[in-house]
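Student: I have a structure here and want to go through its side-chain contacts. Can we start with the rings and then do the charges?

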Amino acid sequence: MRKFFVEALLNYSNKNNVPLILTGDLGYSVLEPFKEKYPDNFINVGVMEQSMMSIAAGISSQNKKVFAYSIANFATFRALEQLRLDISYHNLDVCVVGVGAGFQYGSAGYSHWAVEDLAIVSGMEKFRIF
């Protein structure tokens with residue numbers, strides 16, 4: 001999924017305005033092709049997913065396409081208030097990309113498992129889940 005995502009992102013960028021990619025300090029060995037081709041459109045915000053969603057909302061409010069990329073439960077549970085108030089409430093065009101569904105980060109323990117993320121995001125009417 002990760003390699004497909006970056007390929008799709010590069011194809012999208014070739015046909016449209018290049019989006020801004022925010023990452024929560026991950027994507028190593030996956031996002032590099034985008035970062036190398038569009039270094040000014042790539043920001044590693046570090047391990048601060050809540051701030052990443054607020055930053056994405058602010059950038060999107062200026063009519064710039066934004067993708068926010070993190071481990072699925074960090075992009076949802078950890079940043080739930082920002083998803084709800086900063087992005088959904090203002091109906092902003094932010095694409096939140098969550099990787100590692102279910103128990104894919106199994107050895108990292110419960111803090112990295114994404115087992116309820118679909119349920120909680122599906123309750124927000126302005127979000128579409130793919």
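**Rings and charges**

Tutor: Keep in mind that this is a predicted model. F5 is buried, and Y69 is buried as well.

Student: OK, rings. How many aromatic pairs does the count come to?

Tutor: The count comes to four aromatic pairs. One of them is F5 with Y69, a stacked pair with 5.5 Å centre to centre and 20 degrees between the planes.

Student: Where in the chain do F5 and Y69 sit?

Tutor: F5 is in helix α1 (residues 2–15) and Y69 is in strand β3 (residues 66–71). They are 64 residues apart, so the pair links distant parts of the chain.

Student: And F34 with Y38, what kind of pair is that?

Tutor: That aromatic pair is tilted, at 5.1 Å centre to centre and 45 degrees between the planes.

Student: Why does Y38 count as buried?

Tutor: Because its relative accessibility is 14%, and buried means under 20%. F34 is buried too, with a relative accessible area of 0%.

Student: Back to F5. Which residues form a cluster with it?

Tutor: Y12, F67 and Y69 form one aromatic cluster with F5.

Student: What lies over the face of F67?

Tutor: K65 does, at 5.2 Å from the ring centre.

Student: Charges now. How many salt bridges are there by the count?

Tutor: Two salt bridges. K65 turns up again here: its side chain meets that of D93 in a salt bridge, 2.8 Å from N to O.

Student: Which loops are K65 and D93 in?

Tutor: K65 is in the loop between α3 and β3, while D93 is in the loop between α5 (80–88) and β4 (94–99). The two residues are 28 residues apart, and the pair links distant parts of the chain.

Student: Is K65 buried or exposed?

Tutor: K65 is buried, with a relative accessible area of 19%. D93 counts as partly exposed, at 47% relative accessibility.

Student: What about R78, which side chain does it meet?

Tutor: R78 meets the side chain of E49 in a salt bridge, with 3.4 Å from N to O. R78 belongs to helix α4 (residues 72–78) and E49 to helix α3 (residues 49–60), 29 residues apart.

Key
Residues numbered from 1 in each chain as written. Predicted model: local features only at pLDDT ≥ 70, side-chain atom pairs only at ≥ 80, totals over all residues. Heavy atoms only, no water. Phe/Tyr/Trp six-rings, centres within 6.5 Å; stacked < 30°, edge-to-face > 60°. Helix = DSSP H or I, 4+ residues; strand = E, 2+ residues; numbered from the N terminus. Buried < 20%, exposed > 50% of the residue type's maximum accessible area, 1.4 Å probe, protein only. Lys NZ or Arg CZ within 6 Å of the ring centre and 35° of its normal. Salt bridge = Lys/Arg side-chain N within 4 Å of Asp/Glu carboxyl O.
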